[in-house]
Amino acid sequence: MNSDQSIWASLPVPAFIIDVEDRITDVNSAGEGFLNASQKSVLGHPVWDQIAVDAPLEEAFERARKQGTPLFVNDVDVGSGNRAPLQCALQIAPLIGHQGSMIMIITPRELAGRMTRGNTVKSAAQSAIGMAEMLAHEIKNPLAGITGAAQLLSMNISTQDMELTDLIVAESRRIVKLLEQVEQFGNLSQPDFKPVNIHDVLDRARRSALLGFGAHMRIIEDYDPSLPLAYGDPDQFLQVVLNLLKNASEAADPKGGTIRLRTYYEHSFRLRRSDGSGHMLPLQIEIIDDGPGLPEKIRGDIFDPFVSGKENGTGLGLALVSKIISDHDGWISAESVPGRTVFRISLRRAPKEASEIIAQESAE
C-alpha cells in the first residue's frame, strides 16, 4: 500500500471523494461504517442519494467547486438510508490535481459530546455509590422503626385514621426499596472477562422478555452471523440488554410494539480517550424500538444517575447500564425521535488467543 492509500485508510472520520458529476468515486473505511454500506455498493452513486444533510448544501457545494475554495458547515444533521441522523460538522474542499473533484470529510459530534460528559457521569456515579454507603445505615434502620410504630398505631385507631398509617408504611417501604436499588448500583462487582457469543446473550434476554415484561412486544432478530466473540462478562451483558428491553417494553403502547435486535461489525469504530490512548470497538449491538421516544428534556442526560423519564422511575437503570459498559471499556449511545429509539452498544472483540481456546474446547 502506498503512502496516500495508507493515509486515506487510516483517517478516523468518514471521508468521500466526489467527481464533477457529484458521484462518489472513493470512500474510506470510516465512511463505509458511517453509511453502514460497503465501498463497492456506493461507488458511482450520486453522493446526495447516499448522504442526507439537513441543510441547503448543494448550491454552496457547487459554488465551492467553481471558486476552488473550501466549505465548512457546522452542526448539521447528517444521515443515510441505513442509520438515523447524527449532528456533524462537514469539511469540503477541492481535490488538488483533479479538476472538478471534491473531498468531503464528516465529523460526527456524538463522540466528542459524550466524551466531554464521560467524567461527569462517572463522578455522579461515584457520588451515588458514596451516598448509598452513607444512607444505608443512617436511614434504613429509622425507617424500620417508623414502619413498626405505624403498624402498631393502626391496631387501635379508626378506619379513617388507618389510611394515614397505611400511607406511612407504604412510603417508608418505597424509600427502603429505593435505597436497596442504590446499593445494588454501588455494589456491582468487577466484570469476569471471558469470550462471549453476544448472540447467545441476546437470545437469553429475548426469551426472558417475551415470557415476562415484554409479552406484548414483537422482538425481531437481525444478526450478523459472522460476528466474532465479544470480550466481557456474559451475566453483566445480559443485565444490560434486559434493562434496555424492559425500558422499551414499558414505554410501548399497551397493545404492543416492535423491538429489533441488530448486530453488525464496524471495523472503523475506535474509542480514543483524552490522554491519547484508545482501542477498537468493532462489535455493534443496536436495540431499536418504535415507541414514543425519550422525553426531549432528558435526552442528553439519560445515563446520569437519578434522571428518569418514568413517572415513578428511580433513574438508576440506565446509569447502571452505562457503568457496566464503561467497566468493559465499551461505548453506549442513544438516538431518539418519536417512533424510533436506538440504543447502540459498541464492544471489544475477544483476544485471538482466548477465542482459540474456546473454539478448541467446543470442538472437544
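1. The largest nonpolar core of this predicted model holds 36 residues. Leu245, Ile259, Phe343, Ile345 and Leu347 touch the most other members. Six named elements each give two or more residues: α8 (198–211), α9 (234–251), β10 (258–265), β13 (283–289), α10 (317–327) and β15 (340–347). The largest share comes from α9, with 7 residues.

2. Ile345 deserves a look on the display. Leaving aside residues up to four places away in sequence, Ile345 touches Val240, Leu244, Leu283, Gln284, Ile285, Ile325, Trp331 and Ile332.

3. As background, nonpolar side chains in soluble globular proteins tend to be buried together.

4. Next, the sheet. Its 5 strands run in the order β8-β10-β13-β15-β14. The sheet is open, and the pairing is mixed. β8 (218–222) and β14 (331–337) are the edge strands; each has a single partner, so one side of each is left without a neighbour in the sheet. On average, neighbouring strands are turned by 15° against each other, direction ignored.

5. Within the sheet, β13 and β15 run antiparallel and are joined by 7 bridges. Ile288 stands opposite Val342 in β15.

6. Which strands does α8 touch as it packs on the sheet? The contacts are with β8, β10, β13 and β15. The direction of α8 makes about 170° with that of β8. Helix α8 also gives two or more residues to the 36-residue core, as do β10, β13 and β15.

Notes
Residues numbered from 1 in each chain as written. Predicted model: local features only at pLDDT ≥ 70, side-chain atom pairs only at ≥ 80, totals over all residues. Heavy atoms only, no water. Core = buried A, V, L, I, M, F, W, Y, C linked by side-chain atoms within 4.5 Å. Buried < 20%, exposed > 50% of the residue type's maximum accessible area, 1.4 Å probe, protein only. Helix = DSSP H or I, 4+ residues; strand = E, 2+ residues; numbered from the N terminus. Contact = heavy atoms within 4.5 Å. Pairing = 2+ DSSP bridges. Axes fitted to C-alpha atoms, helices over the stretch in contact; angles between N-to-C directions.
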